[in-house]
Amino acid sequence: MTTSAGSRRHLPTSPFNRPAPDAEPIERYDVGDRVSHDQFGLGRVLAVEGDNAAVFVDFAGRQGRILSPFTKLAKL
């Protein structure tokens, strides 16, 4: 049993015809911003690398470099 690709019909209400949702915009951080990290807790941004490619954060004496996308980091 073979069917040609030209004979297929796609329903306009099909969930496969919907465009992909837009990606959430990457949050921008500035030096001095207060942030919260899921694992490290509260901190303050010390430096921003490149065009927000990474941020250096001081978490109560422990410094860390967090890379973009910042899924576990939230601006307060």
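Where is the place of Asn52? Asn52 sits in the loop between E2 and E3, and point 4 comes back to this residue.

1. **Ground rules.** A quick word before the details: this is a predicted model, in which local features need pLDDT of at least 70 and side-chain atom pairs count only at pLDDT 80 or more, while totals for chains, interfaces and linings use all residues. Residues are numbered from 1 along each chain as its sequence is written, and side-chain values use heavy atoms, with hydrogens and water left out.

2. **The overall plan.** The protein chain has five strands and zero helices, and from the N terminus its elements read β-β-β-β-β. Here helices (H or I, at least four residues) and strands (E, at least two) are DSSP runs, numbered from the N terminus. Of the 76 residues in the protein chain, 21% are buried; buried means under 20% relative accessible area, exposed means over 50%, and partly exposed lies in between (1.4 Å probe, protein chains only). The protein chain exposes about 6,300 Å², with 53% of it supplied by carbon and sulfur atoms; these areas come from the Shrake-Rupley method with a 1.4 Å probe. Among contacts (heavy atoms within 4.5 Å) with a separation of 6 or more, 29% join residues 24 or more positions apart.

3. **The sheet.** Five strands form an open sheet in the order E4-E3-E2-E1-E5, with antiparallel pairing. At the edges are strand E4 (62–67) and strand E5 (73–75), each of which pairs on one side only. On average, and with direction ignored, neighbouring strands of this sheet are turned by 40 degrees against each other; the axes are lines fitted to C-alpha atoms, and angles run from 0 to 180 degrees between N-to-C directions. For a closer look, take strand E2 (residues 41–49) and strand E3 (residues 54–59), which pair in the antiparallel sense over five bridges. Two strands pair if DSSP finds at least two bridges between them. Val45 stands opposite Val57 in E3.

4. **Backbone spots to check by eye.** Most residues other than glycine have a negative phi, and most peptide bonds are trans. Asn52 is not a glycine, yet has a positive phi of about 60 degrees, and is buried at 4% relative accessible area. Ala60, in the loop between E3 and E4, also has a positive phi, near 50 degrees, but Ala60 is exposed at 77% relative accessibility. In the loop between E4 and E5 you will find Pro69; the peptide bond from Ser68 to Pro69 is cis, with omega near 0 degrees.

5. **Aromatic pairs.** The structure holds two aromatic pairs. Rings of Phe, Tyr and Trp (its six-membered ring) pair if their centres lie within 6.5 Å; planes under 30 degrees apart count as stacked, over 60 as edge-to-face and the rest as tilted. Tyr29 and Phe70 are edge-to-face, at 5.1 Å centre to centre with 85 degrees between the planes. Because Tyr29 lies in the segment before strand E1 (34–37) and Phe70 in the loop between E4 and E5, this pair ties together parts 41 residues apart in sequence. Tyr29 is buried at 2% relative accessibility, and Phe70 is buried at 10%. Phe40 and Phe59 form a tilted pair, 5.3 Å centre to centre with 40 degrees between the planes. This pair links Phe40 in the loop between E1 and E2 to Phe59 in strand E3, 19 residues apart. Phe40 is partly exposed at 29% relative accessibility, whereas Phe59 is buried at 5%.
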